[in-house]
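Q: How does one read the features of a model like this, starting from the coordinates?

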Amino acid sequence: MSRYTGPVCRLCRAEGTKLFLKGDRCYTEKCAMARRNSRPGQHGARKGKMSEYGIRLREKQKLRRFYGLNESQFAKMYEMATKMPGQTGHDFLQLLERRLDNVVYRLGFAVSRKQARELVRHGHFLVNGRKLDIPSALLKAGDVVSVREKSRDVEVLKQNAEVASQRAVPAWLEVNPEAMSGRVVSLPARDQIEVPVNEQLVVEFYAR
């Protein structure tokens with residue numbers, strides 16, 4: 001399945017919750033969820049009773065869209081989580097959070113995960129001093145993410161770094177906006193991962 005390229009605010013309305021796909025706009029009154037909190041389409045206001053399968057499907061779609069992955073990427077990461085020790089749901093969320101594009105976003109160097117992917121692909125970031133342009137690369141505790149010296153004058157990165165200095169980051173990360181760098185302090189615990197989903201329903205969807 002190819003990546004969705006349509007209006008992202010429509011996805012938030014379809015799932016009935018903010019997925020924070022539009023960057024800073026999601027925090028303003030211009031947010032589509034604030035202006036028109038109904039499902040998209042001519043009959044969006046109509047709500048019927050959803051089946052158990054439908055509930056699990058919607059939760060899976062919500063999580064997939066939250067991280068901006070296509071179906072095959074998402075399923076592949078879930079398969080990885082099933083082979084890890086511990087709770088599959090937590091392991092799955094942890095893998096999604098450890099992606100380089102997500103860490104760049106969480107550190108505040110991008111206003112959305114989509115922008116983070118583009119910046120990573122363009123080679124603007126180093127991991128432990130070496131260029132890494134693979135958004136899906138999984139980071140581990142102790143890894144240092146920094147903006148390349150040659151990229152520090154890129155206007156969007158300068159603007160994002162200024163915003164990052166005023167933005168809280170998750171407890172499992174630490175950021176140095178002046179140095180345009182951040183570090184993975186530890187792998188995220190479940191209560192440190194803010195996602196608008198019940199991951200157990202996603203596990204049940206794939207286990208059906």
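The turns below take up a helix pair, a salt bridge and a sheet in this predicted model.

Q: What describes two packed helices?

A: A packed pair is described by the angle between the helix axes and by the distance between those axes. Here, take helix 4 (residues 71-82) and helix 5 (residues 88-98): their axes come within 8 Å and cross at roughly 130 degrees.

Q: Which word describes how helix 4 and helix 5 lie to each other?

A: Angles over 145 degrees would count as roughly antiparallel and 65 to 115 as roughly perpendicular; helix 4 and helix 5 are therefore oblique to each other. Their crossing is right-handed.

Q: Which residues make the contact?

A: Helix 4 contributes Phe74, Met77, Tyr78, Met80, Ala81 and Thr82. From helix 5 come Thr88, Asp91, Phe92, Leu95 and Leu96. By class, the residues of this contact are eight nonpolar, two polar and one charged.

Q: How many salt bridges does a search of the whole structure find?

A: The criterion is a side-chain nitrogen of Lys or Arg within 4 Å of a carboxyl oxygen of Asp or Glu. The search finds eleven salt bridges. One of them joins the side chains of Asp101 and Arg117, with an N to O distance of 3.4 Å.

Q: Where do Asp101 and Arg117 lie?

A: Asp101 is in helix 6 (residues 100-106) and Arg117 is in helix 7 (residues 113-121), so the pair ties together parts that are 16 residues apart in sequence.

Q: In what order do the strands form the sheet?

A: A general point on strands comes before the order: in a regular strand, side chains alternate between the two faces of the sheet. In this model five strands form an open sheet, ordered 2-1-3-5-4, with antiparallel pairing. Strand 2 (130-131) and strand 4 (173-176) are the edge strands, each pairing on one side only.

Q: How many bridges join strand 1 to strand 2?

A: Two bridges join strand 1 (residues 125-127) to strand 2, and the two run antiparallel. Leu126 has Lys131 of strand 2 as its bridge partner.

Q: What pairs with strand 5?

A: Strand 5 (residues 181-184) is joined to strand 4 by four bridges and to strand 3 (residues 144-147) by three. Both pairings are antiparallel.

Q: Which residue takes a positive phi in the hairpin of strand 4 and strand 5?

A: Met180 does, with phi near 50 degrees; this hairpin has four residues between the strands.

Key
Residues are numbered from 1 along each chain as its sequence is written. This is a predicted model: local features need pLDDT of at least 70, side-chain atom pairs count only at pLDDT 80 or more; totals for chains, interfaces and linings use all residues. Side-chain values use heavy atoms; hydrogens and water are left out. Two strands pair if DSSP finds at least two bridges between them. Axes are lines fitted to C-alpha atoms, for helices over the stretch in contact, and angles run from 0 to 180 degrees between N-to-C directions. Angles under 35 degrees count as roughly parallel, over 145 as roughly antiparallel, 65 to 115 as roughly perpendicular and the rest as oblique. A crossing is left-handed if the near helix is turned anticlockwise from the far one by less than a right angle, and right-handed if clockwise. Contact means heavy atoms within 4.5 Å. Ala, Val, Leu, Ile, Met, Phe, Trp, Tyr, Cys and Pro count as nonpolar, Asp, Glu, Lys and Arg as charged, and the others, Gly among them, as polar.
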